[in-house]
Amino acid sequence: VEAARWSRAAAERGLAIAQLMLGGCFRNGEGVAEDKVEAARWFRAAAEQGDARAQFNFGHCFHTGEGVTENKAEAVRWFRAAAEQGDARAQYNLGVCFYTGEGVTENKVESARWFRAAAEQGDARAQYNLAFCFRNGEGVAEDKAESARWFR
């Protein structure tokens, strides 16, 4: 409760990290009543200031429809903003979107590129998916040895 109160005070003054934290409080019901709409509002405030973690979270809101109307294209927009700043979770999610064609035209080459970016940061899901891409030649040239390297 105390943390949420302090976060709100700083968030209302425009501090992006506080806006991100307050969004998390509302998303999870920590110190405040759970409110997905309010969570999305605070994630957006921080995302618009360029905070990669907030951009990922705001994208996730659009991807799942939590607190906003589900919109896969808008999810891709925010995932891309965070991914371009190096957020591994956003890179992985962007890879999935390109792989499945959710919110963006399906593109296996782009999918593999984003899986690789996240995989190189240690994201296990991205490593698995990149290995799968190499095993089946999806978005990259088929390469069983490279596939095995990423499966390890």
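**Two helix pairs**

The axes of helix α8 (residues 124-136) and helix α9 (residues 144-151) cross at roughly 165° and come within 8 Å, where axes are lines fitted to C-alpha atoms, for helices over the stretch in contact, and angles run from 0 to 180 degrees between N-to-C directions. That makes α8 roughly antiparallel to α9, a label given to angles over 145 degrees. Helices here are DSSP runs (H or I, at least four residues), numbered from the N terminus. This is a predicted model, in which local features need pLDDT of at least 70 and side-chain atom pairs count only at pLDDT 80 or more, while totals for chains, interfaces and linings use all residues. Residues are numbered from 1 along each chain as its sequence is written, and side-chain values use heavy atoms, with hydrogens and water left out.

**Helices α8 and α9**

- The crossing of α8 past α9 is left-handed, meaning that the near helix is turned anticlockwise from the far one by less than a right angle.
- From α8, residues Q127, Y128, L130, A131, F132, F134 and R135 meet K144, E146, S147, W150 and F151 of α9, with contact taken as heavy atoms within 4.5 Å.
- The residues of this contact of α8 with α9 comprise 7 nonpolar, 2 polar and 3 charged (Ala, Val, Leu, Ile, Met, Phe, Trp, Tyr, Cys and Pro count as nonpolar, Asp, Glu, Lys and Arg as charged, and the others, Gly among them, as polar).

**Helices α4 and α5**

- Helix α4 (residues 52-64) and helix α5 (residues 72-83) have axes that come within 8 Å and cross at roughly 165°, which makes α4 roughly antiparallel to α5.
- α4 passes α5 in a crossing that is left-handed.

Technical notes:
Angles under 35 degrees count as roughly parallel, over 145 as roughly antiparallel, 65 to 115 as roughly perpendicular and the rest as oblique.
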